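Me: I'm new to this structure and would like to learn how to read it. Could you take me through it feature by feature?

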Amino acid sequence: MAYVSFRSLLRIAICGGTHGNELSGVYLVREMQKQKVNKVGSISVTTMISNPRAVDVCRRYTEKDLNRCFTKALLSSSVTDSTPHEVIRAQELNTQLGPKGSQEAVDFLCDLHNTTANMGLCFIFYSCDWLTVHIYKYIKNKITSVPVRAIQLKTPLYDSFSLQSVGKHGFAIEVGPQPHGVLRADIFNVMKEAVDLMSEWIQKFNSGCTFEGGEVEVYTEVKSVDYPRNPATQEITAAIHPQLQDNDFSLLQPGDPIFLSFLGETVKYEGETLHPYFVNEAAYYEKKIAFYLARKTALTMPSISMKTD
């Protein structure tokens, strides 16, 4: 079995409110700030409400989706009177927590999100960063109240667009189902448990523990699927089929129903056997996404520990 070492994780950031109406992260970060959680063992903790303006009005964003503003092009763009608020805010966060891709960036960044989809607890990351995957495996083995899964995005790391990419390592935690603008105790508690376990793992890692390799399941993004639409008006003509609704990560095979038209006609899936997720996510209507499809794969992880030099 291969073996990999990483530098200690001494500075981490925990961010909520990147989307202002996803309230579990907002209230978890606020609670940590009230409790003055700025040090956990060997770890220096920065807690951040990412988009206070959007949180104040309980909206996903005010002008532009903040979690699409962390590309190198936007982070380095000139600010003018017409620059969207979220682009300016992304540059501020990059200054505070980055700069992205530099040695000055925080060692680990955890960004907290909610979804309206029935996805349980998901960890979303860009690449096979073995340190990040080990944290996911540790939490997956500890939490039994909800399904725990990992999603690997197909976007290359160099072109990554979300806040988590500012840290040297990081992931987004996505917990659902929870309506936007609503706080649910069960969803909040799952998120808090995941954050606590993440901190626990990092403390063990910093103390010199070796984490053994092994195999872990990951869902790798393949593509998104839009709703059926009227070609002339672009209005949707169907909703998610009841057999697919709330069945995120089930196996979707050719011939399975995916949409039910407003006239009562069933639209069936055509394509390779894959796993749907973010099914009927409320925030994705504007992005013309009814659900994503992923391929389930098994990753063989190396053992890891902290570098001692």
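Me: Where is Leu131 placed?

Reply: Helices (H or I, at least four residues) and strands (E, at least two) are DSSP runs, numbered from the N terminus. In this case Leu131 lies in helix H5, residues 130–142. Before going on, keep in mind that this is a predicted model, where local features need pLDDT of at least 70, side-chain atom pairs count only at pLDDT 80 or more, and totals for chains, interfaces and linings use all residues. Residues are numbered from 1 along each chain as its sequence is written, and side-chain values use heavy atoms, with hydrogens and water left out.

Me: Is Leu131 buried or exposed?

Reply: Buried means under 20% relative accessible area, exposed over 50%, and partly exposed in between (1.4 Å probe, protein chains only). Leu131 has a relative accessible area of 0%, so Leu131 is buried.

Me: Which residues is Leu131 in contact with, leaving aside its neighbours within four places in sequence?

Reply: Contact means heavy atoms within 4.5 Å. With those neighbours set aside, Leu131 is in contact with Phe6, Leu9, Phe108, His169, Trp201, Phe205 and Ile304.

Me: What about Leu74, where is its place?

Reply: Look at helix H3, residues 72–75, and you'll find Leu74 there. Leu74 counts as partly exposed because its relative accessibility is 23%. Not counting residues up to four places away in sequence, Leu74 touches Lys64, Arg68, Cys69, Val87 and Gln91. Phe161 is 87 residues from Leu74 in sequence, and the two are 9.1 Å apart in space, C-alpha to C-alpha.

Me: And how do I read Ser303, buried or exposed?

Reply: Start with its place, which is strand E15, residues 303–306. Ser303 has a relative accessible area of 8%, so Ser303 is buried. Thr210 is 93 residues away along the chain, yet the C-alpha atoms of Ser303 and Thr210 are separated by 7.1 Å.

Me: How many disulfides does the structure hold?

Reply: A disulfide is a pair of cysteine sulfur atoms within 2.5 Å. The structure holds 0 of them. Take Cys15, which is in no disulfide: the nearest cysteine sulfur, that of Cys110, is 8.2 Å away. Seen from Cys110, the closest cysteine sulfur is in Cys15, and 8.2 Å is too far for a bond. Cys15 counts as buried because its relative accessibility is 0%, and Cys110, at 0%, counts as buried too.

Me: What is phi of Cys58 near?

Reply: Phi of Cys58 is near 50°, a positive value in a residue other than glycine. Cys58 lies in the loop between helix H2 (52–56) and H3, and with a relative accessible area of 35% Cys58 is partly exposed. Gln234 also has a positive phi, near 65°. Its place is the loop between strand E9 (214–225) and strand E10 (238–240), and at 36% relative accessibility Gln234 counts as partly exposed.

Me: Stepping back, how many helices and strands does the protein have?

Reply: There are 6 helices and 15 strands. Buried residues make up 52% of the 309 residues. For contacts between residues at least 6 apart in sequence, 75% join residues at least 24 apart.

Me: What radius of gyration does the protein have?

Reply: The radius of gyration is taken over C-alpha atoms, and the globule rule is 2.2 Å times the number of residues to the power 0.38. With 309 residues, a compact globule would come out near 19 Å, and the protein has 20 Å, which agrees. Along the principal axes, the C-alpha atoms fill a box of roughly 65 × 55 × 35 Å.
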